[in-house]
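Here are my notes on this one, as numbered points. Have the model open while you read.

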Amino acid sequence: MAIRNRLFRADGADSDVTLGRDLVMALDDRQLLWVDLCDASEDERASVADILELDPVALVSDPASRARPTLAHFGEAFSIRVNPVHFDADGHLIAQALTLVSGRNYVITEHAQPLDFLDELNDRERGETQLGELSAEVFAASLLDWHLTTYFQAVESVERHVDRAEVAVLGRHLPNGFLKGLVRTRRQVGELRRLLKPHRYVFYGLLRPDFTATGKAQAHFVALTEHFERAEDALESARTLIIGSFELFSTHMAQRTTDSMRMLTFFTVLLGSLGLLAGVFGMNFDVGFFETGAVGFAITIGCMIAIIICAVLLAKMRHWF
């Protein structure tokens, strides 16, 4: 469990603070309070909501309600629930839940597990910054944009796997489990699309006339929606890449099958020719050559070897195998 309370000041150094009613009452438009709750208890969430005079429902930790991204108003504040993603060490896609509440001069982020992009933002913004000049709505838009970045990072991971897969297909030998890995990547893209699509309700909802964003924040929400649409396009492109990889794999396997059949046909014809030669010399006719004994046998074997060598050289020249 971790609770971070960071106060950004436009006219002074940013600092970690203790959350209290006096601090909240003293906030002005040149200050921005960020409260980050990680694995907070019900009592801690209720305490934060009470200090900020926020409806406790905005911070309710209900897994069922987080199955789908939501957007809700709570007086002067609004609450957004989204699902950032990441790949774990074993390559499994993990979707997490993030609740973001924006009120007057404050933003709350609440999540059950640590989120890398929030930790990165907290570590990056040290000392004097200009974040205090941002409104809570604009800062919320920035956090939502960071959330979308997790999908772009996931797409980059998928694209790297597809690139490695295509290089392997173009090689002579495919690694063990190649097709299984490609199917797994295709499933990951499907999961990413299913996770991202429901966010459309949130991002398009931010642009509706009934949403009370200021004019300055509205421009950021427009850019955020465009970023969301680019994330959708990136996933569609990744899906197309994987389909192309499957087609490349199918072509590769068809080519290997063709090469194998060509080689089998060649050796079948070669062995059939040798069998024909052996059959001719095995006919029961009174020919002088059949009375040459060991010399005739050696000549026959030599002819067979010569035929094999000539046939193999001809096949190599014509690139049959």
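1. How many bridges join strand β3 to strand β9? Six: β3 (residues 31-38) and β9 (residues 106-111) run parallel. Trp34 stands opposite Val107 in β9. Strands here are DSSP E runs of at least two residues, helices are H or I runs of at least four, and both are numbered from the N terminus. Two strands pair if DSSP finds at least two bridges between them.

2. A word on provenance: this is a predicted model, where local features need pLDDT of at least 70 and side-chain atom pairs count only at pLDDT 80 or more, while totals for chains, interfaces and linings use all residues. Residues are numbered from 1 along each chain as its sequence is written, and side-chain values use heavy atoms, with hydrogens and water left out.

3. Zooming out, β3 and β9 sit in an open sheet of seven strands, ordered β2-β1-β3-β9-β8-β5-β4, with mixed pairing. The edges are β2 (15-16) and β4 (70-74), each of which pairs on one side only.

4. Phe74 has Ala77 in β5 as its bridge partner. The two strands form a hairpin with two residues between them, and Gly75 in the turn has a positive phi of about 70°.

5. Helix α2 (residues 42-51) lies across β1 (2-9), β3 and β9, and runs at about 165° to β3. Axes are lines fitted to C-alpha atoms, for helices over the stretch in contact, and angles run from 0 to 180 degrees between N-to-C directions.

6. Now the helix pair. The axes of α4 (residues 136-170) and α5 (residues 178-196) come within 11 Å and cross at roughly 160°. That makes α4 roughly antiparallel to α5 (the label is for angles over 145 degrees). Contact (heavy atoms within 4.5 Å) involves residues including Leu148, Tyr151 and Val158 of α4, and Phe178, Leu182 and Leu192 of α5. The contact residues divide into 14 nonpolar, four polar and no charged; Ala, Val, Leu, Ile, Met, Phe, Trp, Tyr, Cys and Pro count as nonpolar, Asp, Glu, Lys and Arg as charged, and the others, Gly among them, as polar.

7. Last, the rings: there are four aromatic pairs (ring centres within 6.5 Å, using the six-membered ring of Trp). One of them, Phe8 with Phe139, is tilted, at 6.0 Å centre to centre and 55° between the planes; under 30 degrees would be stacked and over 60 edge-to-face. Phe8 lies in strand β1 and Phe139 in helix α4, so the pair ties together parts 131 residues apart in sequence.

Key. Parallel < 35°, antiparallel > 145°, perpendicular 65-115°, else oblique.
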